[in-house]
Amino acid sequence: TILCKPCATSEANVQPPMLPSPDLTPVSLSEAEKVKEGDFVTVLIKEDPVLGKVVKRMGLRIRVERDDGGGLIWSELKQVTHVGAVGEDPISDKDKKKAEKEEKERLKKEEKERIQREKEEAAEKVKAEKEEKERLKEEAENNVTEKKKEPPMNTDSVSGDSKFDDRRLCPNGHTLKSYASPNDKMSCKACSRTLSKGERMFGCKPCKTCFCDTCIKTLVIAKPNCDGQHGLKIYNTPNNKMSCGICKTIQPQGIEFYGCKPCKTTICVSCYSVGESKGGGGGGKNDVKNCIGKHGLKTYQTPNDSMSCDTCKALLVKGDSFYGCKPCKMRVCGNCYKNNV
């Protein structure tokens, strides 16, 4: 008797490899390789299925103890057609279905996670773009607000000098009066800044509005008048001792000025030219003439010494008041304006 060295068994008990039956499909080699000692398997022996228990495995060969009491046999893994007890589904079908199901679920889960991840990334991108737009919009609004708070270029009122503040007019044409803010709940009509208690302000009781000390410089200045509202007339200074009631400047003898004899009011030409006619007070023949384009003349201050009046051709000194129209490029000095030339 020749013994097999690995298992020390008789050569007679060693069965030669058998080809699987065409009716019983063997499990795949990858699944057959999962067979381990202690598993129940069905193998093909001479094209007959034999059920047994794996008692030993060596590489691609297994030693099976037959369930019918026929002893031990050797078989190749490629001859295994069933793994498990009788009545169970073949491991090839069961594991294949399970693996396919698990693979589908895994792919479905990964696809779902990928779609969710892309949605979250897209949402984050949209959110970031929206926040950036809101930030830029808020920044632009803040810039506009800051510009609004700054005193605008003085056109209608000609001068920002505080000596004309008692002649400022509200948007509805009422003369503003100076007050001290009674509390810290009032705000400027122009810049919306809250005024501190006791802060100087200019108010209009008919309109129930008030303006801060800065924004008042941007409002229209009314033409000066005497206290009796008689209307000012043009005179020549009789000497060099008369002074302007507004700017306090001594006026040379022989120059024109505006005055009211009953009220003893004297206003120099420069101070009188600052402002606009209000109703019937002090306007007289000095109402503003219009430009060629009928845009209406506005008051400005000369930025340099190179400008001249389009009517009398007189050079305007830097800082002098004049009436002009930017679209028509028209300039009229204070004298021509007041004389309605």
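View 1. A disulfide is a covalent bond between the sulfur atoms of two cysteines. The search of the whole structure finds zero disulfides, taken as pairs of cysteine sulfur atoms within 2.5 Å. This is a predicted model, in which local features need pLDDT of at least 70 and side-chain atom pairs count only at pLDDT 80 or more, while totals for chains, interfaces and linings use all residues. Residues are numbered from 1 along each chain as its sequence is written, and side-chain values use heavy atoms, without hydrogens and water.

View 2. Strands here are DSSP runs (E, at least two residues), numbered from the N terminus. S9 (residues 200-204) runs antiparallel to S10, joined by four bridges; two strands pair if DSSP finds at least two bridges between them. Glycine 203 has cysteine 210 of S10 as its bridge partner. Four residues lie between the two strands, and lysine 208 in the turn has a positive phi of about 55°. In S10 (residues 209-212), Thr209 and Phe211 are buried on one side, Cys210 and Cys212 on the other.

**View 3. An open sheet of five strands.** The order is S6-S5-S4-S3-S7, with antiparallel pairing. S6 (72-76) and S7 (80-83) each have a single partner strand, so one side of each is left without a neighbour in the sheet. Five bridges pair S5 (residues 61-66) with S6, and valine 64 has isoleucine 73 of S6 as its bridge partner.

Key
Buried < 20%, exposed > 50% of the residue type's maximum accessible area, 1.4 Å probe, protein only.
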